[in-house]
Amino acid sequence: MTYPALHKAIPHTPHLKHHLNLQGSSLSHADVRQLWEMLKHRACSIEELMLGMCDITAEACEEIASVLVCNKKLKLLSLEETPLRNEGMLLVLCDALKHPDCVLLMCCCITSVACNYISQALLCSKSLSLLDLESNFLEDDGVASLCEALKHPNCHIEQLWLADCCLTSLCCKNLSAVLVCNEKLKILKLGSNDIQDAGVKQLCEALKHPDCKVEHLGLDMWQLTTACCEALASALTVCTSLKTLNLHWISLDRDGEVVLCEALNHLDCALQQLGLDKSVFDKEIQMLLTAMEEKNPHLTISHVL
């Protein structure tokens, strides 16, 4: 289908009501402008638009911003691996995310410089609840800037996705402060970062704080040691709000496995979902994990969350 035909068909095509995936498409500037006109159509019901790896530049960002402001149905715009860079982010985030009607989740190709723009938008938006910055080169400095906004009472973010953002343990002091003072934040995803034991220990101290209300914590694809598992186990027996913990693709030694199993079996552990692939453990640990699931019907252990 050509893009002119797509422009006419989408508002009236039932199977495209919610999701349109154009990832990897070669879109000219004219194609992009036509797409935006389609999205502004009052009959268009697209909620998720995937434009990852498309050749969209900062020149198209003014049109993107106008769509985000006028289209209240669009909830997800993925621009992953698309060269918007920080000039484009300034236009999109500052002009659109600040708008009171924008509830957009964005995935873009950005660096830590753009986090200043994002932080401004977080303090202005009253409807934005999910911020997806996964697989961006944010680094610790970028997260520090975000955390200043996340600690502000005017910030309404409930889900923060920071997986694969080139983070180290240095960012965990700021993230821990957010967990303690921001009761609105329910989901924090930090997988595929080099946070190591020191970072996990800081996060665990925040989890044990009575004001921490986080419900989902993603620590998948990390390198953890037994010492780190002890801190995590301690947090699991104290934090009553934490319902889901993702530890998928984590390599643990036997002592670490035992420590976590003991915590999961603790009467005060409120965890309901644990992201682990039981098949990678030895038979004894597999039997122990299965026995805990049978003993605690509220607990599910699976590599799929």
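Predicted model: local features only at pLDDT ≥ 70, side-chain atom pairs only at ≥ 80, totals over all residues.
The protein chain has 305 residues, of which 50% count as buried, and its secondary structure comes to 11 helices and 11 strands. When contacts between residues at least 6 apart in sequence are considered, 84% of them join residues that are at least 24 apart.

In soluble globular proteins, nonpolar side chains tend to be buried together. In this model the largest nonpolar core has 68 residues, and those with the most contacts inside it are L122, L146, L162 and L247. Seven helices, namely α5 (115-124), α6 (139-150), α7 (172-181), α8 (196-207), α9 (226-236), α10 and α11, each supply at least two residues of this core, and α9 gives the most to it, with seven residues. A second, separate core is made of 20 residues, including V32, M38, L74 and L77. Returning to the largest core, one of its residues with the most contacts is L247, and, leaving aside residues up to four places away in sequence, L247 touches L219, D220, L224, L232, L260, L274, G275 and L276.

Two packed helices are described by the angle between their axes and the distance between the axes. For α5 and α6, the axes come within 9 Å and cross at roughly 10°, and because angles under 35 degrees count as roughly parallel, α5 is roughly parallel to α6. On the α5 side the contact is made by C115, N116, I118, S119, L122 and L123, and on the α6 side by G142, S145, L146, A149 and L150. These contact residues of α5 and α6 divide into seven nonpolar, four polar and no charged. L122 and L146, which take part in this contact, are also among the residues with the most contacts inside the largest core.

The second pair is formed by α10 (residues 254-264) and α11 (residues 283-295), whose axes come within 11 Å and cross at roughly 10°, so α10 is roughly parallel to α11. Here the contact is made by R254, E257, V258, C261 and L264 of α10, together with E284, I285, L288, L289 and M292 of α11. The residues of this contact divide into seven nonpolar, no polar and three charged, whereas the contact of α5 with α6 has four polar and no charged residues.

K243 is found in the loop between α9 and β9 (244-246), and it counts as partly exposed because its relative accessibility is 28%. Not counting residues up to four places away in sequence, K243 touches E215, A270, L271, Q272 and Q273. K243 and H298 are 55 residues apart in sequence, and their C-alpha atoms are 10.0 Å apart in space.

H266 lies in the loop between α10 and β10 (273-275), and with a relative accessibility of 37% it counts as partly exposed. The C-alpha atoms of H266 and A233 are separated by 9.6 Å, although these residues are 33 residues apart along the chain. Towards the end of the chain, H303 has its place in the segment after β11 (300-302), and H303 is partly exposed, with a relative accessible area of 42%. Apart from residues up to four places away in sequence, H303 touches H248, L276 and D277, and its C-alpha atom is 7.8 Å from that of K278, a residue 25 places away in sequence.

Two last residues are marked by their backbone angle. Most residues other than glycine have a negative phi, and most peptide bonds are trans. D164, in the loop between β6 (159-161) and α7, has a positive phi near 55°, and D164 is partly exposed, with a relative accessible area of 36%. W249, in the loop between β9 and α10, likewise has a positive phi, near 65°, and W249 counts as exposed because its relative accessibility is 61%.

Terms used. Residues numbered from 1 in each chain as written. Heavy atoms only, no water. Axes fitted to C-alpha atoms, helices over the stretch in contact; angles between N-to-C directions. Helix = DSSP H or I, 4+ residues; strand = E, 2+ residues; numbered from the N terminus. Parallel < 35°, antiparallel > 145°, perpendicular 65-115°, else oblique. Contact = heavy atoms within 4.5 Å. Nonpolar A, V, L, I, M, F, W, Y, C, P; charged D, E, K, R; others polar. Core = buried A, V, L, I, M, F, W, Y, C linked by side-chain atoms within 4.5 Å. Buried < 20%, exposed > 50% of the residue type's maximum accessible area, 1.4 Å probe, protein only.
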